[in-house]
Structures are given as structure tokens and as C-alpha cells.
Amino acid sequence: MKFLNPLYEYRRALGYSQPDIVALANVSQSALSKWESGQCTPDGATLKKISDFLEVPVSYLFGYNDCVEKSVIHRREIDSFLHNLDGHDRRRIISLVKHWEEC
């Protein structure tokens, strides 16, 4: 199974840099470059860390999940909306979302 380009695309769509992923996975820059170019694949534990960090299923990192792309768009829209709110409203919405996630 080949590790495909979605790691690169999804990382960029969420605004993360290669150093963000390098620090998270505790690997070299060259290893990440090889993963993003499809030359090799990270081990299972590293795949899980990356998928958790990017909030995508591991299968998406292999190109098997088309619907996750939609969540990138929605997340960008939400981030843009939150960015335009004043501090009080933003904190209130984040608080409500956290409460909803706990239920």
C-alpha cells in the first residue's frame, strides 16, 4: 500500500507546516518529505499520531476517503467565522462546542 499525497494536501489546507509534523512525529525533515512524495510510509504508530493530529482517518492518508476533503472546507469556513468574532463571542462559541462534544 502506497502512502499518497493527501498528507501534503491536508497538512497545507489546515495551515500546518512540515516542521509542525516533524515535531509531532519526532522524525527528520527528509523522512517527512519522503512520506509526502510517496517514496515510503511511516510506521503504524506514527501514522496514528499524524492522523490524530490532522483529525483524519488513517485511510485518508492513503487516499481512500473522499468525504474528509469536505471537512477541510468546513473547518476553514468555521475558522474564518471565528476569526471575525470579538474575543467574548469567540470564547462563548468555543465553550459551547466543547460542552456539546462532552455530551
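**Helix packing in a predicted model**

Helices H2 and H4 are oblique to each other, because their axes cross at roughly 130 degrees, an angle that counts neither as roughly perpendicular (65 to 115 degrees) nor as roughly antiparallel (over 145). The model shown in these views is predicted.

**View 1. Helix H2 crosses helix H4.** H2 covers residues 18–25 and H4 covers residues 44–54, and their axes come within 10 Å. The crossing of this pair is right-handed. On the H2 side the contact is made by Ile 21, Leu 24 and Ala 25. On the H4 side, Thr 46, Lys 49, Ile 50, Phe 53 and Leu 54 take part. Sorted by class, the residues in this contact are six nonpolar, one polar and one charged.

**View 2. Helix H4 has a buried face.** The buried residues in H4 are Thr 46, Leu 47, Ile 50, Ser 51 and Leu 54. Seen down the axis of H4, they fall within an arc of 130 degrees, so they line one face of the helix. An α-helix has 3.6 residues a turn, so residues three or four places apart point the same way. Gly 44 and Ala 45, on the other side of H4, are exposed. The cover over the buried residues of H4 includes H1 (6–13), H2, H3 (29–37) and H5 (58–61).

**View 3. Helix H1 meets helix H3.** The axes of H1 and H3 come within 7 Å and cross at roughly 110 degrees. The two helices are therefore roughly perpendicular to each other. Leu 7, Tyr 8 and Arg 11 of H1 meet Leu 32, Trp 35 and Glu 36 of H3. This contact has four nonpolar and two charged residues, and no polar ones.

Technical notes:
Residues numbered from 1 in each chain as written. Predicted model: local features only at pLDDT ≥ 70, side-chain atom pairs only at ≥ 80, totals over all residues. Heavy atoms only, no water. Axes fitted to C-alpha atoms, helices over the stretch in contact; angles between N-to-C directions. Helix = DSSP H or I, 4+ residues; strand = E, 2+ residues; numbered from the N terminus. Parallel < 35°, antiparallel > 145°, perpendicular 65-115°, else oblique. Left-handed = near helix turned anticlockwise from the far one by under 90°. Contact = heavy atoms within 4.5 Å. Nonpolar A, V, L, I, M, F, W, Y, C, P; charged D, E, K, R; others polar. Buried < 20%, exposed > 50% of the residue type's maximum accessible area, 1.4 Å probe, protein only. Arc of directions from axis to C-beta.
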